[in-house]
Amino acid sequence: MTSIIIDAGHGGNDPGATAFNTKEKDWTLKMSLYQYNRLKELGVNVSLTRSKDETLDANTRAKRVKSKYTFCISNHFNAFNGTARGIETIYSIYADGKFAKKIAKALQEATKLPLRRSFSRKNNMGTDWYYMHRLTGSTKTVIVEYGFLDNREDYAFYNQEANFIQAAEAVIKVLCEMVGKSYKEANQKLYRVQVGAFSNKQNAENMMKQLKKSGYDAYIPN
């Protein structure tokens, strides 16, 4: 059966890029959990490398993927010096790049962010530079860099919930196409869930922080 695994880049002791009081590991988990739940809803056979703020070394992460799935999407947000911006997708030197380019085009059309490039990269041994390509066997892995976390424009775009979901949906649509499942737009009706009520404000703030770390939007209403 055709299957997908979604990898939330970084996690635990590895925060990834950090800018504007935001850690890459939190956004990659949020993106991955959203895509996972939507793909399940659409009937896709899908898994996650991590579903929480978990430290995964290269070998452990790769073993969760290696030759067990047809496709892997490894979610990331880039960083450079605050001036670079835009979308990148990275594919194995042994792949034709069509899958990665399809995702890049879909993201660019959905978000209108600049499309920097889709590319592959060799190391000095002549094999894949990125371990998510080098160590994941027959699984077709694409690394998706949704934008630059340290760029004010890219950050401002993804800091808007509707934009974040729009990008996630663009990738979901491509994945459905790749596995032969019909894509349906997300139901935009929202249901509010209250997880607690506290007489102590600090306890409420602690709960909010825990929810955000787990990839959920949370706020304390006035």
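The model is predicted.

Start with the whole protein in a cartoon view. Its secondary structure comes to seven helices and eight strands. The C-alpha trace spans about 60 × 40 × 35 Å along its principal axes. A compact globule of 222 residues would have a radius of gyration near 17 Å, and the 18 Å of this protein agrees with that. Buried residues make up 45% of the 222.

Next, turn to the salt bridges, of which the whole structure has 11.

Select arginine 61 and aspartate 7. Their closest N and O atoms are 2.6 Å apart, in a salt bridge. Arginine 61 is in helix α2 (residues 58-63) and aspartate 7 in strand β1 (residues 4-8), so the pair ties together parts 54 residues apart in sequence. Both residues are buried.

Now select arginine 38 and glutamate 169. This salt bridge also has its closest N and O atoms 2.6 Å apart. It links helix α1 (residues 24-41), which holds arginine 38, to helix α6 (residues 161-179), which holds glutamate 169; the two residues are 131 residues apart. Both arginine 38 and glutamate 169 are buried.

Lysine 102, at 32%, is partly exposed.

Finally, select Arg38, Glu41 and Glu169 together: salt bridges with shared partners join them into one network.

Key. Residues are numbered from 1 along each chain as its sequence is written. This is a predicted model: local features need pLDDT of at least 70, side-chain atom pairs count only at pLDDT 80 or more; totals for chains, interfaces and linings use all residues. Side-chain values use heavy atoms; hydrogens and water are left out. Helices (H or I, at least four residues) and strands (E, at least two) are DSSP runs, numbered from the N terminus. The radius of gyration is taken over C-alpha atoms; the globule rule is 2.2 Å times the number of residues to the power 0.38. Buried means under 20% relative accessible area, exposed over 50%, partly exposed in between (1.4 Å probe, protein chains only). A salt bridge is a side-chain nitrogen of Lys or Arg within 4 Å of a carboxyl oxygen of Asp or Glu.
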